[in-house]
Amino acid sequence: MSHAEQHRGRWRPRLDRPALVALVFGLAGVVYRLVLTLFTVPVSNSDEATFGLAALHIGQGRERPVFLYGQHYMGMLESYLAAPLVALAGPSWPVLRLPMLALYAVFLYLIHRLTRRLCTPWFAAFVVGLLALGPERVVRDQLTVVGGRPEVKPAVLLMLLITVGLAAGTVHRRRLAIGLFGLLVGLAAWSDWLILPYLAVAGLALVWAVRRELLGWAGLLLVAGVVVGVAPMIVDNLRAGPGDDSLSVFRAVSTKAGPLPSWSDRIRGGLLEGVPLAHGLCPVDGCGRWQQWFGVLYPVLLVGGAALAVLAYRRAAGAPRGERVGPVVQLALVVGAALTLLSYVRSPLAATSPLDNARYLSVLQLSLPAVLWPLWVAAVACWRGTVGALGRFTGALSTAVLAALTVTALVITVLFAATGTAASRTEERQARELAAALRADGPHEVYGDYWTCNRLIFNTNETVVCGVLDGDLSPGQNRYRPYWRQVGRAARPGYVVEAGSPMDRRLRRLLADRADAALVREVGGYRVYHPDTPVRPWR
């Protein structure tokens, strides 16, 4: 990545050309996302607001949540990372998202380091360039505080770099490094279970690299690190009642009633929609046929990456372990992607709601170096002229695929940056206008729908408290029960409903001839009702 240069008696690192190019790409990606963060793009929502409110409570010393309010399986590491900033600057979306931006920068740095160690410097720069791009689906997974993915990807990369360093003998405090590996495993498992396939293959790579050391103190430190990292989840599950433990809740959430879609439908949704969306090749509203080609090609690239890793490992037979660890880690990345994809297509959501659930495949970015490496090898061999006619044809085709991948991601990113942010900014402005109006003039205890309530509470720094109702005005998903109880105690609660929504129509029918008198304002596409007497039909 760099080498030392003597200058007036001191040694200063000097980046080589591929590292400089990677640095420029990385800075461009970070600055682009910083601008989006400052403008709250992508738009905020109540799921993210729940993490923000948890960060506010943590910073104030009021709560120490283990899982997302109302759940028992999504860890709160992102809220703990944001808590000091929220406590210092107050609740705001850019402040809440700044730790996610930092995690993205760490992710770019670590994937560059790992790719450079496993492959070549210019290929590492190319991977960073691809990951610097980002349409809405990609940046939403990277910047919004909705749990799991932004922090687990750097954790896996650091685990793999530790494995490479241990095998190559470049890590001096080996036991501490192994203990850190275990701690990262525990934290990642607590934060998001979607990363379990990658944790499994990273663990197997570590066992391959240092299996003898793990029989002694290093193994004990590894186990201790895992236990410390996952301790919050263990303690919470020991206290949970029957059916409230993480595994039971996660199984209930993952299992949907009704007929299971066919394998062909689930594979189609996973490959043709999920994979291109996760890699930034489609707009957020779905993939056109011309954008689905990467999903068709992805299984082929997985097989090619695995074959190339196995071949490299066999060629290095008899070499020191440090020279063979590269193919092992590449194979781990391929297997991790395959297991993640298989786990995704087992779910009916891959077929019934592929656009909403493609976010669960964002961890596939971890395997991008291993997936694209066969294409790069074939393209370089073609341009160097070291292969025959078939090799030149394969190399030219690989070059075309890499170029198409880059151009597609670039076009979708530019279109999003140029035309796709206006709707988010408009919605965000309306949400702020609603919050400002209620904060200034009340009512301060209101009922609303799920996607209104917690965002409103966060935008008003809990000056306005909201209880969640469903469209039929029955109690809804109230993640933080104290808010619901506070509104329930209010002598004269208000209602905040989207104009013309089912909740709006239902409320007006209940109010009858009092509806117009109870309507106190319309702001940001919402109607605010404040009836003279409480309206609680569920009672």
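Figure 1. R527 is partly exposed because its relative accessible area is 21%, where buried means under 20%, exposed means over 50% and partly exposed is in between, computed with a 1.4 Å probe and protein chains only. D504, by contrast, is buried, at 1%. The two side chains meet in a salt bridge with an N to O distance of 2.6 Å; a salt bridge is a side-chain nitrogen of Lys or Arg within 4 Å of a carboxyl oxygen of Asp or Glu. R527 lies in strand β7 (residues 526–529) and D504 in helix α22 (residues 502–511), so the pair ties together parts that are 23 residues apart in sequence. Helices (H or I, at least four residues) and strands (E, at least two) are DSSP runs, numbered from the N terminus. The model is predicted, so local features need pLDDT of at least 70 and side-chain atom pairs count only at pLDDT 80 or more, while totals for chains, interfaces and linings use all residues. Residues are numbered from 1 along each chain as its sequence is written, and side-chain values use heavy atoms, with hydrogens and water left out.

**Figure 2. The salt-bridge network of R137, D141 and R149.** Salt bridges that share partners join R137, D141 and R149 into one network. R137 meets D141 at 3.1 Å, N to O, and R149 meets D141 at 3.7 Å, N to O. R137 and D141 are four residues apart in helix α6, so about one helical turn separates them. R137 is buried, with a relative accessible area of 8%, and D141 is buried at 5%. R149 is buried too. Side chains of opposite charge can pair when their charged atoms come close. The count for the model comes to 16 salt bridges.

**Figure 3. Q142 and its contacts.** Q142 is found in helix α6 (residues 136–143). At 4% relative accessibility, Q142 counts as buried. Leaving out residues up to four places away in sequence, Q142 touches R33, M100, Y104, L131, P150 and Q365; contact means heavy atoms within 4.5 Å.

**Figure 4. The two disulfides.** A search of the whole structure finds two disulfides, a disulfide being a pair of cysteine sulfur atoms within 2.5 Å. A disulfide is a covalent bond between the sulfur atoms of two cysteines. One joins C282 to C287, with an S to S distance of 2.0 Å. The torsion about this S-S bond is about 105°, so the disulfide of C282 and C287 is right-handed. Both C282 and C287 are buried. The other links C453 and C466, whose sulfur atoms are 2.0 Å apart; with -45° about the S-S bond, this link is left-handed. C453 lies in helix α20 (residues 450–459) and C466 in strand β4 (residues 465–468), so the pair ties together parts that are 13 residues apart in sequence. C453 is buried at 0% relative accessibility, and C466 is buried at 1%.

**Figure 5. C119 and C382, two cysteines without a disulfide.** The cysteine sulfur closest to that of C119 is in C382, 19 Å away, which is too far for a bond. C382 is in no disulfide. C119 is buried, with a relative accessible area of 16%, and C382 counts as buried at 15%.

**Figure 6. The largest nonpolar core.** This core has 87 residues, of which L114, I195, Y198, Y298 and L372 touch the most other members. A nonpolar core is a set of buried Ala, Val, Leu, Ile, Met, Phe, Trp, Tyr and Cys residues joined through side-chain atoms within 4.5 Å. Helix α7 (residues 149–168) gives the most to this core, with eleven residues. Another core lies apart from it, with 56 residues, among them A54, V145, L456 and Y495.

**Figure 7. V325 beside V164.** V325 has its place in helix α14 (residues 321–345) and counts as buried at 3% relative accessibility. V325 and V164 are 161 residues apart along the chain, yet their C-alpha atoms are separated by 6.1 Å. Not counting residues up to four places away in sequence, V325 touches T163, V164, A167 and W208.
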